[in-house]
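Please read the explanation below alongside the sequence and the coordinates.

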Amino acid sequence: SFSPELCRINEDQKVALDLDPYVKKLLNARRRVVLVNNILQNAQERLRRLNHSVAKETVRRKAMLEAAGGYPQGLPGK
C-alpha cells in the first residue's frame, strides 16, 4: 500500500517550481532599491550641508550689516 503513495509523492516533487528566475528578479530589484536609496541619502546629505552653509552665510551677512550701522536704505530689515 505504500508503494503507490510513494510513487505519487515522488511525482509531485518532480513538479517543483524553478525559483531561480524569481530569486534573480528579486535580487535585481533589491539592488536597484539599494542604489536609489544611496542616491537619495547622498542628495539629502548635500542638501543638509548646503542649508547649513546658507544659514552660516546669512548669519555672517546679517552681522556685517549690523556692524556697519544697520540695513542699507531701501531694503527692509528682518
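**A helix and its side chains**

Valine 23 is placed in helix H2; helices (H or I, at least four residues) and strands (E, at least two) are DSSP runs, numbered from the N terminus. The model is predicted, so local features need pLDDT of at least 70 and side-chain atom pairs count only at pLDDT 80 or more, while totals for chains, interfaces and linings use all residues. Residues are numbered from 1 along each chain as its sequence is written, and side-chain values use heavy atoms, with hydrogens and water left out.

With a relative accessible area of 40%, valine 23 is partly exposed; buried means under 20% relative accessible area, exposed over 50%, and partly exposed in between (1.4 Å probe, protein chains only). Together with Leu19, Tyr22 and Leu27, Val23 forms a nonpolar patch on the surface, with about 410 Å² of accessible area in total. Patches are made of residues with over 30% relative accessible area and no salt bridge, where like charges are joined within 9 Å and nonpolar side chains (Val, Leu, Ile, Met, Phe, Trp, Tyr) within 5 Å. Accessible areas come from the Shrake-Rupley method with a 1.4 Å probe, and for residues only the protein chains shown count as cover.

The protein as a whole has 2 helices and 0 strands. Of its 78 residues, 0% are buried.

Helix H2 has 48 residues (residues 20–67) and should span 70 Å at 1.5 Å a residue; its end C-alpha atoms are 70 Å apart, which agrees. The expected span is 1.5 Å times one less than the number of residues in the helix. Just after H2, glycine 69 takes a positive phi of about 105°.

An unreviewed UniProt entry annotates residues 26–60 as "coiled-coil region". UniProt positions are given in the numbering used here, feature names are shortened, and annotations may be inferred rather than shown by experiment. In the model, residues 26–60 are 100% helix and 0% strand, with end C-alpha atoms 51 Å apart.

Next come the charged side chains. A search of the whole structure finds 4 salt bridges, a salt bridge being a side-chain nitrogen of Lys or Arg within 4 Å of a carboxyl oxygen of Asp or Glu. One of them joins glutamate 45 to arginine 49, at 3.7 Å from N to O. Both residues lie in helix H2, 4 residues apart, about one turn of the helix. Glutamate 45 counts as partly exposed because its relative accessibility is 32%, and arginine 49 is also partly exposed, at 46%. Glu45 and Arg49 belong, with Arg48, to a network of linked salt bridges.

Which residue forms a salt bridge with arginine 60? The partner is glutamate 57, and the closest N and O atoms are 2.5 Å apart. Arginine 60 and glutamate 57 are 3 residues apart in helix H2, so about one helical turn separates them. Glutamate 57 also meets the side chain of arginine 61 in a salt bridge, 2.9 Å from N to O. Here the two residues of helix H2 are 4 residues apart, again about one turn. Glutamate 57 is partly exposed at 27% relative accessibility, as is arginine 60 at 41%, whereas arginine 61, at 52%, counts as exposed.

Threonine 58 also lies in helix H2. A polar atom of its side chain is 2.8 Å from the backbone oxygen of valine 54. With a relative accessible area of 45%, threonine 58 is partly exposed.

How values were computed: Polar contact = N/O pair within 3.5 Å; in protein donor to acceptor, adjacent residues only side chain to side chain.
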